[in-house]
Structures are given as structure tokens and as C-alpha cells.
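Biologist: I would like to go through the labels on this model one by one. For each, give me the value, the cut-off and the conclusion.

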Amino acid sequence: MASQVTNTSEEPENLRKIFLGGLNRSTTKDDLKTHFEQFGEVTDSIVILNTEKQSKGFGFVTMATIEETDKSLRENNCGSHDICKKKVEVKRAIPRDSNISAEATNQIFVGNLGTNITEEHLREYFSQFSPVKSTKVIKEKGGDKSRGFGFVEFEEPFGHHAVDKLAIMEKHTIEGRQVYCNKAEDRSNKEDNYYGRHQAMRGNPFGRNPGRSGMPGYYDGYGGGNYGCYGGARGGYGGGGYGGDPYGGGN
């Protein structure tokens, strides 16, 4: 039987933090707190300001529990929220120093499967996060032996939120074995074949430091196929102009 997630009394903040994009410039942190209190307890809210103390048009809310966070993300069929008469993008905040892409996808890469974890094991484990559309364990060419990695595709509309959550968690235990997750990347437009040109593991196989520093790692080794994984330096919502604190805040 696949392993289950164990709930703890102290849930990680990075799984309870929500990014809000496209805010009305007049929206305040109190407006955000009031809006999200309909989903549960709000422990923190912030609107990011520029040097002139004007809103940059984005902010963050932290809920008390992961369950309340998921509840808020499911609102409006997992779409935007109406806050201060404006449609606001709502998604789980991704720490800027992680190697997780900010781009949305409903597919996740799973590494370090060993040879005994099957597609049914993947389906059983990941179904507790969101309905699973398909699972795939990559096999050796011309054989039935697992190459030790695979992919899970989730049903939308919540699927891309589930992928964000799983990638932030990163480490999971399935059938007594620790596996690693990150967002899958559609590389069907690349020249490489399905298995990629560079199949050797290089560097720290699963650590995030290789991704942050741009060094090659496990994910790069299998990155040439239709679905590879992000291994280079990938900022979260703080990248590309959001700058500042670990989640992209600051002035």
C-alpha cells in the first residue's frame, strides 16, 4: 500500500502562503485579510510596496492551515478571486530560492523510484492530493525494467495547484522509499529524443542547491524527452521583477 501523508500540528509556512497577482493599487493588507477570512484564519497579509510606498500590484496571504489554503485555491473553480472589484490571480507562493518554475502545469516529475514502485503505486499515493488523470513509469528501452523515474498528470482545474504543493514539499515516501518531485516540463519541441541526450546522473542527484546554482543534477540528466524537469536556476514568484524577500517581496 502506498504511504499516506502525516498531518502535523506545525504545518510548513511555505505550504500555507498564497501569492496574489494583479491587485487593485488601492487594495490594502486589511482588504486581503478580510477577503481570505471567509476560507479560514489568516495569520499574515501583505501588499508589496515600492520605494514610494505605493502598491506594486501584488501581495501575499498566509493561512493558518494547509487545508484552508487549498480551500481558498479551489474557490471559483480554481480561478481568480474578486478582490476590491478586480480579478486577482491566486496561487501557492513558491520560494524564490527554490528550483521550482513559476509556470503552471498539471504534470509532475517523480524521481528515485527504484525498480519496485509501479504506476499503480503512484496513482494510489498522489490521489490523496488531487484526482489523478494518468501515471507513467519510464522503462528501459526494449524491456520492462524501471529507469527509476516517472510522471503523474492530475485532473484540472485543481491539478496545477496540486503540482505546486507537491513540488514545494519535494520529498515523499512511497512504499517505504523516499522519492522526489518537481514540476514536469513539456519539451516536445526540443530536438532531443524521449530519454534525452545526457542520461548520466551528475552532481547532487536530488538536492535543490544544484538547481539554484545552475549546476547539472538528476533532473537535467533526463531532461531531453517530452517531459523533463527544471534543474537550472528557477526563481519563484520573486523572479523577473518581483525581487526582494524569499517569496519576492521587499521594496
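Modeller: Start with Tyr 125. This is a predicted model, and in it Tyr 125 has a relative accessible area of 3%.

Biologist: What makes Tyr 125 buried?

Modeller: Buried means under 20% relative accessible area. Tyr 125 has 3%, so Tyr 125 is buried. Phe 126 has 0%, so Phe 126 is buried too.

Biologist: Why is the pair of Tyr 125 and Phe 126 called edge-to-face?

Modeller: Ring centres must lie within 6.5 Å to pair, and planes over 60 degrees apart count as edge-to-face. Here the centres are 4.9 Å apart and the planes are at 85 degrees, so the pair is edge-to-face. Tyr 125 and Phe 126 also belong to one aromatic cluster with Phe 129 and Phe 154.

Biologist: Which residues of helix H3 are buried?

Modeller: In H3, residues 119-126, they are His 121, Leu 122, Tyr 125 and Phe 126.

Biologist: How do you know that the buried residues line one face of H3?

Modeller: Look down the helix axis. The buried residues of H3 fall within an arc of 110 degrees, so they line one face. An α-helix has 3.6 residues a turn, so residues three or four places apart point the same way.

Biologist: How many aromatic pairs does the structure hold?

Modeller: Eleven. One of them is Phe 19 with Phe 58, at 6.0 Å centre to centre and 35 degrees between the planes.

Biologist: Why is the pair of Phe 19 and Phe 58 called tilted?

Modeller: Stacked needs planes under 30 degrees apart, edge-to-face over 60, and the rest count as tilted. The angle is 35 degrees, and the pair is tilted. Both residues are buried.

Biologist: What does the pair of Phe 19 and Phe 58 tie together?

Modeller: Phe 19 lies in strand S1 and Phe 58 in strand S3, so the pair ties together parts 39 residues apart in sequence.

Biologist: What makes strand S6 largely enclosed?

Modeller: Five of the five residues of S6, 107-111, are buried, so the rest of the structure largely encloses the strand. Gln 107, Phe 109 and Gly 111 are buried on one side, Ile 108 and Val 110 on the other. S6 pairs with strand S8 in the antiparallel sense over five bridges. Val 152 in S8 is the bridge partner of Ile 108.

Biologist: How do you know that the charge of Arg 74 sits over the ring of Phe 158?

Modeller: The distance limit is 6 Å from the ring centre, and the direction must be within 35 degrees of the ring normal. The charged end of Arg 74 is 3.7 Å from the centre of the Phe 158 ring, and it sits over that ring.

Key
Residues numbered from 1 in each chain as written. Predicted model: local features only at pLDDT ≥ 70, side-chain atom pairs only at ≥ 80, totals over all residues. Heavy atoms only, no water. Buried < 20%, exposed > 50% of the residue type's maximum accessible area, 1.4 Å probe, protein only. Helix = DSSP H or I, 4+ residues; strand = E, 2+ residues; numbered from the N terminus. Arc of directions from axis to C-beta. Pairing = 2+ DSSP bridges.
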